[in-house]
Amino acid sequence: MTPQTLLQHYDSAALWPAALSADPGYNLAAAYHDALALRSLRLARGEKARGFKLGFTNRSIWPIYGVYAPIWGTVYASTLQWCEGEGRLSVSGLCQPRIEPEIVFGMRHTPAPGANLEDLFDAIEWLAPGFEMVQTHLPNWKFKAPDAVADGGLHGRLVVGQRLAVHSFAANAAQLVQCLASSSVRLVCDGQQQLQGQGSLVLDSPLQALHHFMTELHTCPDAPSLLPGDVVTTGTWTDALPVQAGQTWRAEFDAPIPWLQLHLD
């Protein structure tokens with residue numbers, strides 16, 4: 001499959017005919033090359049990159065999917081939606097969608113290469129609860145890491161809730177790491193709790209996940225930079241659960257993180 005055919009399958013929400021990883025020579029380097037080529041095709045047709053999604057930062061889900069290290073992909077203006085706590089989203093056009101509760105960062109400026117946690121804290125303008133709608137174009141959510149990378153990092157849609165200044169949560173990086181690591185979330189569908197997760201599952205804290213991502217981004221050939229105004233969604237606090245139109249999902253984070261509710265059409 002070429003980047004052009006990957007894009008066709010994305011646009012039509014059609015399953016791939018076979019996994020790219022069926023070729024034993026198809027590795028992560030090849031997958032990121034294809035993912036960046038797919039990004040270029042989307043930008044060439046007028047889409048706007050708005051940031052990044054991190055995947056598989058939650059170590060507790062690694063054995064479920066057989067992916068044992070974080071990955072990343074691009075978030076676009078066409079896949080990004082804002083709300084102030086309660087929103088609506090259509091699942092039309094997504095392939096086998098699942099929902100993930102996450103913490104999203106909004107960047108004030110671009111961190112320098114080799115930035116430490118305190119540098120990253122200073123580069124963040126706000127944080128917010130988020131729902132990422134992830135998808136895969138391989139049947140039954142069975143894939144390997146290179147497939148997930150080439151498949152846009154499994155990114156489908158991102159809903160960002162109420163944004164709060166990062167300094168309202170913490171005065172420095174160490175405090176933010178601890179605040180997010182010690183927080184939990186309850187994932188609720190139609191009034192029934194489905195799962196519970198903890199911020200510490202996300203590479204010990206979402207700020208640690210951002211630090212890992214920045215290191216990976218700078219080592220990936222031809223990768224784009226993280227820009228002022230970009231969003232970074234840092235990875236799910238629970239397993240991803242299948243969704244369908246008509247459901248209402250709610251992420252109930254511990255205070256001071258706001259809750260987020262999403263109605264699916």
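I first noted that a salt bridge is a side-chain nitrogen of Lys or Arg within 4 Å of a carboxyl oxygen of Asp or Glu. I worked with a predicted model, where local features need pLDDT of at least 70, side-chain atom pairs count only at pLDDT 80 or more, and totals for chains, interfaces and linings use all residues. Residues are numbered from 1 along each chain as its sequence is written, and side-chain values use heavy atoms, with hydrogens and water left out.

I looked up Lys 53 and found a salt bridge with Glu 132, the closest N and O atoms being 3.2 Å apart. This pair links distant parts of the chain, 79 residues apart: Lys 53 is in strand β1 and Glu 132 in strand β6 (residues 124-134). Strands are DSSP runs of E, at least two residues, and helices are runs of H or I, at least four, numbered from the N terminus.

I checked burial next (buried is under 20% relative accessible area, exposed over 50%, partly exposed in between, with a 1.4 Å probe and protein chains only). Lys 53 is buried at 2%, and Glu 132 is buried at 0%.

I then looked up Arg 45, whose side chain meets that of Glu 47 in a salt bridge (3.0 Å, N to O). Arg 45 is partly exposed at 42%, whereas Glu 47 is buried at 13%.

Just after α2, Gly 46 takes a positive phi of about 110°.
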